[in-house]
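I set out to record what I looked up in one structure. The entries below are kept in the order in which I took up each topic.

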Amino acid sequence: MTAQLLIQSNGEPLFGIFDHPISKINVSDFQLLTPFGKPANRWQQWFGFNQFQYFGVISDELILGCAIADTKLVGAAFCYLYRPQTGEMLAYSLKSPFAHACQFAVSPDTGNTTFVQGKQRIDMINQPQPKSRYLEVSLPKHGLKINCHFSERDSFAPMRICTKTGVNGWVYAQKAAGIPVEGTIECQWGTFDLAALGACAHHDYSSGYMRRETFWNWGCLSGRTNNGQLIGLNVSCGVNETGFTENCFWLNGQLHKVDTVAFNYQKQDLFQPWRLQSYDGKVDLTFTPLGKHAECLNLWLMASNFHQLFGHFNGHLETVGGEKVAINNMLGFVEDHYAKW
């Protein structure tokens, strides 16, 4: 498959769902326009472009969530660990004015995305050959060290999508889930071998001119079914769905597209069960929360009210060929997220 630049020679991004790699988010070749069709000024061009990466790991014994975000006024990173069997949690957050601590890879498949602040460091490394993704975390102040990776084999098909946002914006997102992960996590609870735990990973690379003010729900699971099949789910509502949607799941690495998804839950009590259903009936899941990681920030020009819950999914998914895949007490995530970028 031949890779392409996201921004074409005419200055417009490619829109759609892609079965080929995007080699570079060549944002410098894009001219942002105002709602009245005039070129945006340098401040608007710079301030409007946001990026984030997320790396998650799920196993019955340990859950990991780690993210790096560049929102121009603030760079942010977090890393947390949760033990489903005991309810114990470790959570660490880092902030950097004007994102000075952040450096982002311009390609979804190659390069390093880092957050470095003194001796505290988080690296998300994308390696093209063989196609692998690494997470390296060193937070000596907290006694946390993570070295893990997963490989996207040739048979695995990531969800690659670019959608319109707002009047003249766009977002490119690349998602993967349901992939075995290897490596170790060292923390105050001890050392964990992820391969021995049978852990699976999921990953999100997103960048673009997102809506100035937005809200979304997101759901994800990653693991093995009762009969040993690898399964990964990625669904959302409120983002990346202008003309196309990112909603899909992977069964043994094969991507199965699904329609729009509704998230039904109690906004005032996020710990009540959630219901996730797709319009075409291929997703019908109930999510029961166990715990939550939250990040709340209000800086006038920008704000974030982020709630990521982890818990159990039950229900079923249906493949393109009509096969129903039972989801029985599988661990995963949902999100309730407001952002003003």
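This is a predicted model: local features need pLDDT of at least 70, side-chain atom pairs count only at pLDDT 80 or more; totals for chains, interfaces and linings use all residues.

**Entry 1: cores.** I began with the nonpolar residues. The largest nonpolar core has 64 residues. Among those with the most contacts inside this core are Leu 64, Leu 135 and Ile 146. I then listed the neighbours of Leu 135, leaving out residues up to four places away in sequence: Leu 135 touches Phe 55, Leu 64, Cys 66, Ile 122, Asp 123, Met 124, Ile 146, Asn 147 and Cys 148. I also noted a second, separate core of 23 residues, which includes Phe 249, Val 258, Val 261 and Leu 285.

Entry 2: I looked up the strand order of an open sheet and found eight strands, arranged 2-13-14-17-4-5-6-7 with antiparallel pairing. Strand 2 (16–18) and strand 7 (89–97) are the edge strands, each pairing on one side only. From one strand to the next, the twist averages 10 degrees. Within the sheet I examined strand 13 (residues 159–165) and strand 14 (residues 169–180), which run antiparallel and are joined by seven bridges. Lys 164 stands opposite Trp 170 in strand 14.

**Entry 3: cysteines.** How many disulfides does a search of the whole structure find? I record zero. For Cys 162, the nearest cysteine sulfur is that of Cys 248, 16 Å away. Because its relative accessibility is 0%, Cys 162 counts as buried. For Cys 187, the nearest cysteine sulfur is that of Cys 79, 9.7 Å away. Cys 187 is likewise in no disulfide, and with a relative accessible area of 11% it is buried.

**Entry 4: aromatic rings.** My search of the whole structure gave 21 aromatic pairs. I inspected Trp 43 and Trp 46, a tilted pair at 5.6 Å centre to centre with 35 degrees between the planes. These two residues are three apart in helix 1 (residues 42–47), so about one helical turn separates them. Trp 43 is partly exposed at 47% relative accessible area, and Trp 46 is partly exposed at 36%.

I next inspected Trp 274 and Phe 287, an edge-to-face pair at 6.5 Å centre to centre with 85 degrees between the planes. Trp 274 lies in strand 23 (residues 274–278) and Phe 287 in strand 24 (residues 283–298), so the pair ties together parts that are 13 residues apart in sequence. Trp 274 counts as buried at 1% relative accessibility, and Phe 287 counts as buried at 0%.

Finally, I noted one aromatic cluster, formed by Tyr 54, Phe 78, Tyr 80, Tyr 82, Trp 218, Phe 306, Phe 310 and Phe 333.

Conventions: Residues are numbered from 1 along each chain as its sequence is written. Side-chain values use heavy atoms; hydrogens and water are left out. A nonpolar core is a set of buried Ala, Val, Leu, Ile, Met, Phe, Trp, Tyr and Cys residues joined through side-chain atoms within 4.5 Å. Buried means under 20% relative accessible area, exposed over 50%, partly exposed in between (1.4 Å probe, protein chains only). Contact means heavy atoms within 4.5 Å. Two strands pair if DSSP finds at least two bridges between them. Helices (H or I, at least four residues) and strands (E, at least two) are DSSP runs, numbered from the N terminus. Axes are lines fitted to C-alpha atoms, for helices over the stretch in contact, and angles run from 0 to 180 degrees between N-to-C directions. A disulfide is a pair of cysteine sulfur atoms within 2.5 Å. Rings of Phe, Tyr and Trp (its six-membered ring) pair if their centres lie within 6.5 Å; planes under 30 degrees apart count as stacked, over 60 as edge-to-face and the rest as tilted.
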